[in-house]
Every structure is written in C-alpha cells, then in structure tokens.
Amino acid sequence: MKRTILLCTMVLMLMTATAQDLKLWYSRPAQTWTDALPVGNSRMGAMVFGGVETEELQLNEETFWAGGPHNNLNPKGREALADIRQLVFNDKFREAQKMIDANFNTPQNGMRYLPLGSMKLKFAYGSLVASHPSTQNYRRALNLGDATATVNYTVGDVDYSRTVFASLADDVIVVRLEASKPKALSFSLAYDCPKDLNPVVTAKGQQLTMRCQGVEQEGIKAALNAECRIVVKAEGGKTSAKGETINVELANAATLYIIGATNFVNYHDVSGNASKRCEAMMKRALKKTYAQLLPDHVAKYRSQYDRVRLDIPMTKASEAETDERVKNFNQTDDLNLVALLYQYGRYLLISSSQPGGQAANLQGVWNASMGAPWDSKYTININAEMNYWPAEVANLSECHEPLFSLASDLATTGAEAARTLYGAKGWVAHHNTDIWRIAGPVDGAYFGMWPNGGAWVAQHLWQHYLFTGDKDFLRKYYPVLRGSADFFMSHLVKHPRHGWLVTAPSMSPEHGHKGAGTTITAGCTMDNQIAFDALYSTLLATRVLGGNKAYEDSLSRTIDQLPPMQIGRHNQVQEWLVDADDPKDDHRHISHLYGLYPSNQISPNLNPQLFQAARNTLQQRGDMATGWSIGWKINFWARMLDGDHAFKIIRNMLCLLPSDAVSKEYPNGRTYPNLFDAHPPFQIDGNFGFTAGVSEMLVQSHDGAVHLLPALPEEWGKGSVKGLVARGAFEVDVDWDGGQLLKARIVSRRGGALRLRSYVPLKGKGLKPASGKCANELLAPAAVKQPKVSEEITPQSPIMPRVYEYDVETKAGEEIIVGRG
C-alpha cells in the first residue's frame, strides 16, 4: 500500500510540476452546497464536501431530467398571429399579451434537471479518539492544474487523505482514501436520494447500487430512470455488505469507482438501458487501478487545460484561503485572484461540456435540488449562449460541440415550431429549451414571446467557423445556419408606420418600457441585430461554400429592409423602435447592446457615434447587476476598449456571498466561497462570462484586426497570457510590462493574412504598415447601416486611443514574433 501511495504521489508531482499552480483551498469542510467543490467529466458531476466524520459526494448525471419527449406547441398560435400583430402595431400591447397567452402558450414550460442523490461515507476512527475526532492540519482543495479535489487532515497520529476526480479518460468518478498507518481506515458507504425519485438501494459484495425514477412535470409523464453504481476496492481489512450499506473495516486504503447512467438516447428516444450502460462502464473502469486511472485522467484533462496560461503575479494576499481572498479582494493587491477565477471558468467548461455530451445547462452539470432555480434549463435569451462565450477564445473549441448538437436538434423541433406557430419556413426557438428540445414559448407572453433564441444559438456555429476557418464544419452545419435565416425571411413583417421589416410579436428580453405596460413589442433593437446576424452570416457562409445567386439576393434584400440601430434623445442606443429608454433604469438585461458583444455590429472605427452611444447606455445602466449580468458587462467594457472600467466590473463580481441564507445581509455578494457565480442564486453563466470577458480584455479579433491588449487595466502592470485564440485561427501569446505590450507570439494555424493592432509601435520580421481593408475575411467587421439619430441631440463621438496596425502574410504553422518598437 505504501508503494501505491508513493507511486501516485510521485506521478502527481511529476505531472503538476509544470502545470499552473492554481488552487481553491479551505481550512474547514464545506458547510453548504456552495462551499463544496465541483468535479465533473461532462457526463457526470459531483460536489465534494470534505467532511471528517462524514463525506458527501452529491451526484448528477447530465441526462437525468423530468418528463419525457414532447414539444410545447399550441396550434392556435398561427391562426391568431395576424390579429396579435394588428394589436401590436396599434400599440395595444397589453391586449396583445393577453391574446398571446391564450393562443401561443401551453401548460408545458420546460422540464427540470434532476439530482442523482448523494454518496455518503461515515468514518470510524476507533481507538484514535474518544468520541468526536479532533483533527489537525485540515486542508480541502481543488487543484485546477490536474482537476483533483483533495482532503487532508490528521486524527491522532494518523494522516488521512482523500483524492476525488471525475475522469475524462475513463468516464468514472474516482474516490481514493488513504491513511498513513496500516489498518487505520474504517468507513461505511451508504446512499441518500430524494424520496420523490423512488430510490431503491441495494448492497452486495463490493458494490452498492441505487436505482430511481424520474418525475412527471406539467402533465408530461416521467420517461427516464437512472442508476448509480459504486464499487469499493479496499486494500487489506474486511469488506462486507448488509442491506443498503457497505462496510470497510481496518483497511490500509480504498478506491471507490462511481458510475451513473439513464435510459436517455436522444430528445425523442428513451429506449436505452441504464443498468446495461452502468455494467459496461463499470467493467471498463475496473480494468484499471488507481495508479493507472489518475495519470490517465490528468493527461486527458491537461490536454485541454494547459493550452492557456494567464500569469498575474501573486502577492502575500494571494496566500490566504480562497473565500478570504474573495472577501478581501477589494481591500488588497491580490490581482492573482483574477487568474484563478479565469482558469476556474475554463475548468468548469472542461468539466461540464465535452464532445458527445449534453450542453452545459444553467448550473453546468451540478444541481442538488429537486426544484432547481429556473429548472436549470437552457435559457437561450443569453444564459446558455454565455456558457459558451469562452469556448473558442479560451482555446477549448471541442467543448463547444455539445452546443452545436443542441442547435442541430433545435433545428428539427424548431422547424415544427415555425410551421405550427407562425406558418413560417426554417426553424425557430424561443427563450428557453431543455433536454427534450422544446421550441415553443415558455413562462407566458411577458417572458416567453421571443422568437430569436434559436438564431442566437446558431450564431455559435458561424463563430466557430470564424475562429477555425473549417469549411467542412461550415458545410456540415450550414443547413442549421440557413434555417435560422429562412425563418426570418418568411416571418418578418413590414411595420405599417416605419416600413421596416420587423419581428412581431416579440420583446426585448424580460424588459419593457413604461409606455407599453408590458414587454410585448415589435422590432426591438436586439431582434433586429440577431436577425441581421442570422441573415448576414448565412449570406457570407453561402458565398464561402460556393454561392447561390438567387438565395444571396433574397438575403441581401431582406437585410436592406431591417431597421437601423438608433441613437435616442439621451444619446443612447435605443432599446426599442420608439425612443423610450429611461436613463435611470438599471435593468439586468442590456439586450440592445448585443450588437456590441457578442456580435460585432458596433465598431469604433466604422460607426463611432454609435460606439459612443453604447458607452452612454452602459453608464446609464450602471456597474452593479446580477452575477451573470456583471459577466456580460465585463465583456461590454472590454469591447469599449476601457480596461479600467472592465476591471471595476470585475471588482463588483468578486464580492463574497457566504451563502444564499445570508443574501439579504450581503446584497452585493456575487461570488460564493467555492467561486461559483451568484445571481443569486447560483448560475454558472457568470463564471463563463467572466472568463470570456478577461479574454476580451487581452485579445480581440472581431473588428478587422487581431488587437493585442485592447483593454488592459492600469493596475495589471505586469503579466502574460499564452494560448488565446483569435478569429482567423491565430493562437496568441502576449507579455506586458508597465501596462504596455512587451512582446507577442502569434501562431497561424491555417495561414492567411494577419493584421495586428496595438497601442504601441511593433517591430518584427515581415511586418509592414497596414493599408486598406484587411484581406482576411475571418477578421472582417459587420457591414451594418449607419444609425438613425434623434433630431433632439447632437450625436457624440468617442475619444479613441491611437493605434498602430501592421499586415503580415502567414503560412500554416508559421510563428510570428513581434516586440515593442
């Protein structure tokens, strides 16, 4: 046993010697779920509590949801559409809302993501303690460098250690228990599962098995069942099973193998067999010992994680335990916490979204509640998309694949929705979906009448192409992209007063102006921006793939009839066709700046007055918000090229919320002790928004060039980033000192023209001053109309820093080195 411990310790030391030494750590066990530490392999997730007397691993399996296959479509919608539109165009918005509720809604509002229960260990320390164990040297940690959660402590003269990881390589959650002295490890294994799932737990030999059933929701019967198996491999001592418990006595060490599965096959097929799946996966996992499982897991994980490194120097304050670092962030010089939270976002995406799996939902893959907030569904009016904002730029492109799969599924269920609800071509999805890929409105007209969610999701397909230049990928998913454009071409209707083509009915997500008395409207700014992206990206994709003149002409004609963005009487970007924005309104959704981020329709170079209006909008909406909205604002201010303001928003996010139970006492708390983002409650999108935002502060590539350090805060005086990815398939490393670029390394993955933009002059082999339009279409800005400006104002222009631009032609695999000139 000592040899095994020594071997695994040496393997870990060797494998982490060059890994980024970034850890979350604590001097006490978790008291609440948002103290516990997450591990995951995309298919399963676990929250590790790290107790001394008892240990809990709260488990999830990504396909275990309520209900079963269905689509929430009301056939009365199509018949009522014309009357609803007439009400909207006559400014009878409340009447339109009532009519939508009566004709478009169904009793089904999406199914909820379910927990799988908890594995629980109860430890016995025998003669080492008189009653409750007195522990010394307690430390609980999550190492982002190797994706292992560890617990270490001493009882009496015995050192105990636990290592937990969710293996990406072997599709199993592994728990390793060790003691520094022989025969010092005794524990019982049991399982706790919500009664509503009708669990049945049995123990036989070395295996504990839990079987349970899904639940009905909103009239949709449960179609899923789940199974979890845990096998205990003890080294020495005695292992016995009785009833629902496995007992291990006086062992030297033990390894637990945890597998879970359901009968889910896809959104319309539940013919799988959870037991057979568990049996097959467990059989494969048991072929490996712990000494084999650990390095295989670390190697697989690091093949993704190690692609990006962000170095911001540590200080004395960086040595504190993690929740204290968050608590004190705004009173210390602990800038390294930014790097920790940045890489934590990448860790969470790796752990919750892998090829072949489900997309990360509102809580990633982690949920302990039978009634998760917002059902932990896919909220596609921003939240699900935000989950994937860092995927390309943070060099985790394959983690994007589950969202592409979701888009492909929605293109099928959404085609039915387009026909049934609107009599339209193409496909549509509204503001929410779930594992069953529902495509109709949910949560009533006020929140749900928004036919743009599918088109936004589809834009991730186009963005992947821009980052990779992969024409085979574009060809594969072109029907999905085209379908989102086809919907708009057949659904948009001419506004009787303005003459523009608009969506009707719709809304600016979850927000209405005072004059309307509801959210329902026609042709709000975000709708127009998303419609433009769907049509324009499809136009460009069609040309890339060989062209279709008649179809291209149809797309162009539709684009030409979309409303322009408008600058209103407060020198703001208007949220609606009517100039009704309230400059004192601090609503969490800033939907009308979709064109600033994640899209590229608001450019300081092509439309500076609109760019300044976006700045005014951001200032009017304020710097504080819910957690996920703060994540969006980091990206906004990065796109505004204002690193100091972006960092101010980061400071607002890094405010501790000890738990949901004390949220009223911590009204500005936006980060839990385990670094989960707090809406509150927990939503994982804020974590991913943070990582995307920091990436945007360091590299941008949406506006005609690869911009190096576009929004670096003054306080980040020295540091470096390696491995970020720019559009055009360029991998970028940048070092800075004194707040300015020191040197950069760009690797061209596919070759082609590279335009570099910098705030300092650059020198390097092959560089020449830029002239004219950038030749690389993957870096091109959007060709949008000039904005319509209110007659009540004189539009403002921004004060822009001087930039230097250079062109260099690259070959595939070539490395370009530049330095400060």
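Phe682 is found in the loop between helix H18 (643-653) and helix H19 (685-698), where helices (H or I, at least four residues) and strands (E, at least two) are DSSP runs numbered from the N terminus. The structure is a predicted model, in which local features need pLDDT of at least 70 and side-chain atom pairs count only at pLDDT 80 or more, whereas totals for chains, interfaces and linings use all residues. Residues are numbered from 1 along each chain as its sequence is written, and side-chain values use heavy atoms, with hydrogens and water left out.

With a relative accessibility of 3%, Phe682 counts as buried; buried means under 20% relative accessible area, exposed means over 50%, and partly exposed lies in between, with a 1.4 Å probe and protein chains only. When residues up to four places away in sequence are not counted, Phe682 touches Trp33, Gln363, Trp366, Tyr672, Phe676, Asp677 and Asn687, contact being defined as heavy atoms within 4.5 Å. Ser659 lies 23 residues from Phe682 along the chain, and the C-alpha atoms of these two residues are separated by 10.0 Å.

Leaving aside its neighbours within four places in sequence, Asn571 is in contact with Ala613, Asn616, Ile793, Thr794, Pro795 and Gln796.

On one side, E3 pairs with E2 in the antiparallel sense over 4 bridges, and Gly40 stands opposite Gly45 in E3. The hairpin of E2 and E3 has 3 residues between the strands, and in this hairpin Ser42 takes a positive phi near 80°. E3 is also joined to E4 by 5 bridges, the two strands running antiparallel, and the bridge partner of Met44 in E4 is Glu61. In the hairpin of E3 and E4, with 5 residues between the strands, a positive phi near 75° is taken by Gly50.

Further along the sheet, strand E4 (residues 54-61) pairs with strand E5 (residues 118-124) in the antiparallel sense over 5 bridges, and Gln58 has Ser118 as its bridge partner in E5. Strand E10 (residues 185-192) and strand E15 (residues 245-251) are paired antiparallel over 4 bridges, with Leu185 opposite Ala251 in E15. The antiparallel pairing of E14 and E15 has 5 bridges, and Thr239 stands opposite Val248 in E15. Gly243 takes a positive phi near 60° in the hairpin of E14 and E15, which has 2 residues between the strands.

Another open sheet, of 9 strands with antiparallel pairing, has the order E1-E6-E7-E8-E9-E16-E13-E12-E11. Strand E1 (23-26) and strand E11 (200-204) stand at the edges with a single partner strand each, so one side of each is left without a neighbour in the sheet. In this sheet the twist averages 15° from one strand to the next. Strand E8 (residues 158-166) and strand E9 (residues 173-179) pair in the antiparallel sense over 7 bridges, and the bridge partner of Thr163 in E9 is Arg176. Helix H5 (residues 290-305) packs on the sheet, touching strand E7 (148-155), E8, E9 and strand E16 (253-262), and the direction of H5 makes about 55° with that of E8.

Finally, helix H10 (residues 401-422) and helix H13 (residues 471-491) pack at an angle of about 25°, with their axes 11 Å apart. That angle makes H10 roughly parallel to H13, since angles under 35 degrees count as roughly parallel, over 145 as roughly antiparallel, 65 to 115 as roughly perpendicular and the rest as oblique.

Key. Two strands pair if DSSP finds at least two bridges between them. Axes are lines fitted to C-alpha atoms, for helices over the stretch in contact, and angles run from 0 to 180 degrees between N-to-C directions.
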